[in-house]
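Dear colleague,

I am handing over the structure that you will find just below.

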Amino acid sequence: MIENNVTNEVKSLPRIGSVAPEFEAATSQGTLRLSDYKGSWLVLFSHPADFTPVCTSEFIGFQEIYPQLREMNTELLGLSVDSVSSHVAWIRNVQEKFGVTLEFPIIADLNKEVAQKYGMIMPEESSTETSRAVFVIDDKQIVRAIIYYPLSTGRNMQEILRLVKALQATDEHNIATPANWQEGDKVLVPPATTDELANERMNDDSIECIDWYYCTKKL
Amino acid sequence: MACVNEKGQLSPAGKKLLGSLAVESLTTQDISKNSGLPIFKVRSNLREMLNAELIIEENNQYKISEKGKQILEKNNLDK
């Protein structure tokens, strides 16, 4: 689209179900590409800036869930519009002041290339900082879930953990998960797509049905 | 570079990885399993080592190059 001699490229942002856009970026742990994560799940998340209080609390929270995520073949990758030096200084500061070692890499997206590919900047909120975006990308590099929080509100780490668990359970067992589902709770059997299947389902002793469209089971 | 700098000094992860390739040819998955390094870090380090010509790739297996052997030997002597 060309308006007033200014070229505005209209980019399609990643959506649930789409292939996550490839990137190569400098990080606090060297140069990384999205494709380096093929075969493992990835929680790619942005934060507004290093050395800020909400972000610091979030990074400590992300580090707390990192061992559980790794047990689920899931990696963490942070991002902000800061330099590698800033990230390294902040990581060292968090270690010194809070006693927490941040073990996952953080992208130094100074030119906003990755942030723009993923729609992490909300210009109405801030044109210089990334908002609190979370992209859950599966082992085949498909975007499976997207969460956006504003600058002022720290994210809920337990919800991110729950989301990854739910998505992986869906893939493994071909089920869906109800509201507030937690690991160990009953899951939902996908609704019957034909009248015949609905009848079959109502007579299936291995599942519990309130009605033909609402059946649960234990995993 | 993350795993080897311009002076030829290897990072701990780089040294571990190059050391494992000095023994035998390995796939990315083998290296990750043997070293305990996450797969993304293995791929990133292998790419840097390939660019620095420290390793050679053949049929999805990686092995140390002559230059890699020299760098590894130098790093072992420096420790």
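Predicted model: local features only at pLDDT ≥ 70, side-chain atom pairs only at ≥ 80, totals over all residues.

**Two helices in chain B**

In helix H1 of chain B, the residues B:Ala13, B:Gly14, B:Leu17, B:Leu18 and B:Leu21 are in contact with B:Val42, B:Asn45, B:Leu46 and B:Met49 of helix H3 of chain B, where contact means heavy atoms within 4.5 Å. By class, this contact of H1(B) with H3(B) has 7 nonpolar, 2 polar and no charged residues (Ala, Val, Leu, Ile, Met, Phe, Trp, Tyr, Cys and Pro count as nonpolar, Asp, Glu, Lys and Arg as charged, and the others, Gly among them, as polar). Helices (H or I, at least four residues) and strands (E, at least two) are DSSP runs, numbered from the N terminus.

The axes of H1(B), residues 12-23, and H3(B), residues 39-51, come within 11 Å and cross at roughly 75°, the axes being lines fitted to C-alpha atoms over the stretch in contact, with angles running from 0 to 180 degrees between N-to-C directions. H1(B) and H3(B) are therefore roughly perpendicular to each other, a term that covers angles of 65 to 115 degrees.

Residues are numbered from 1 along each chain as its sequence is written, chains are lettered from A and ligands numbered from 1 in the order in which they are written, and side-chain values use heavy atoms, with hydrogens and water left out.

Between the chains, 15 residues of chain A are in contact with 9 residues of chain B. The rule finds 1 salt bridge across this interface (a side-chain nitrogen of Lys or Arg within 4 Å of a carboxyl oxygen of Asp or Glu), and the side chains of B:Arg47 and A:Asp36 meet in a salt bridge at 2.7 Å, N to O. This pair runs from helix H3 of chain B to the loop between S4 and strand S5 (41-46) of chain A.

With regards

How values were computed:
Parallel < 35°, antiparallel > 145°, perpendicular 65-115°, else oblique.
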